[in-house]
Amino acid sequence: MNVIVHERDNEHLSREARAMGMVVWDVIQNGELVGIFPSQDEADAYRKALEDAQPQG
């Protein structure tokens with residue numbers, strides 16, 4: 001399983017969000033967007049939860 005956390009680029013934010021200086025973090029699992037978070041800490045916690053939920057094999 002591949003889980004990635006990255007900051008959303010400005011092209012994918014609304015004009016209002018850009019004007020307010022918002023930063024949004026995306027969580028991508030196997031190429032699919034699975035979560036959007038207002039802080040990197042929350043995004044990392046979700047990534048860890050996804051990784052911990054996967055069966056070890």
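Asp26 sits in strand 2, which covers residues 25-29. Keep in mind that this is a predicted model. So, is Asp26 buried or exposed? Asp26 counts as buried, because its relative accessibility is 6% and the cut-off for buried is under 20%.

What does the side chain of Asp26 pair with? Its partner is Arg8. The two side chains are joined by a polar contact of 3.0 Å. Look at the other residues around Asp26. I leave aside the neighbours within four places in sequence.

Where is Arg8? You find Arg8 in a loop. That loop runs between strand 1, residues 3-7, and helix 1, residues 15-19. Arg8 is buried as well, with a relative accessible area of 18%. That value counts as buried because the cut-off is under 20%. From the Arg8 end, the link is the polar contact of 3.0 Å to the side chain of Asp26. Which residues does Arg8 contact, again leaving aside neighbours within four places in sequence? They are Leu13, Val24, Asp26, Leu33 and Ile36.

Next, Asn30. This residue lies in the loop between strand 2 and strand 3, and strand 3 is 32-37. Look at the backbone here. Asn30 has a positive phi of about 50°, although it is not a glycine. Is Asn30 buried or exposed? Asn30 counts as exposed, because its relative accessibility is 52% and the cut-off for exposed is over 50%. Not counting residues up to four places away in sequence, Asn30 touches Met1 and Asn2.

Gln54 is in the segment after helix 2, and helix 2 is 40-53. Gln54 counts as partly exposed, at 33% relative accessibility. Which residues does Gln54 touch, not counting those up to four places away in sequence? Gln54 touches Met1 and Gln29. Take Met1. Gln54 and Met1 are 53 residues apart in sequence. In space, C-alpha to C-alpha, they are 8.1 Å apart. Met1 is also touched by Asn30.

Let me step back to the whole chain. How many helices and strands are there? The chain has two helices and three strands. From the N terminus on, the order is β-α-β-β-α. The chain is more spread out than a compact globule, because its radius of gyration is 13 Å, well over the 10 Å that the globule rule gives for 57 residues. Along the principal axes, the C-alpha trace spans about 45 × 20 × 10 Å.

What about burial overall? Of the 57 residues, 26% count as buried. The chain exposes about 4,200 Å². Carbon and sulfur atoms supply 49% of that area. Now contacts between residues at least 6 apart in sequence. Of these, 33% join residues at least 24 apart.

Last, charge. The chain carries 5 positive and 11 negative charges. How far apart are their mean positions? They are 3 Å apart.

Note on methods
Residues numbered from 1 in each chain as written. Predicted model: local features only at pLDDT ≥ 70, side-chain atom pairs only at ≥ 80, totals over all residues. Heavy atoms only, no water. Helix = DSSP H or I, 4+ residues; strand = E, 2+ residues; numbered from the N terminus. Rg over C-alpha atoms; globule rule 2.2 N^0.38 Å. Buried < 20%, exposed > 50% of the residue type's maximum accessible area, 1.4 Å probe, protein only. Contact = heavy atoms within 4.5 Å. Areas by Shrake-Rupley, 256 points an atom, 1.4 Å probe, with all protein chains shown as cover. Lys, Arg positive; Asp, Glu negative; His and termini not counted. Charge placed at Lys NZ, Arg CZ, Asp CG, Glu CD. Polar contact = N/O pair within 3.5 Å; in protein donor to acceptor, adjacent residues only side chain to side chain.
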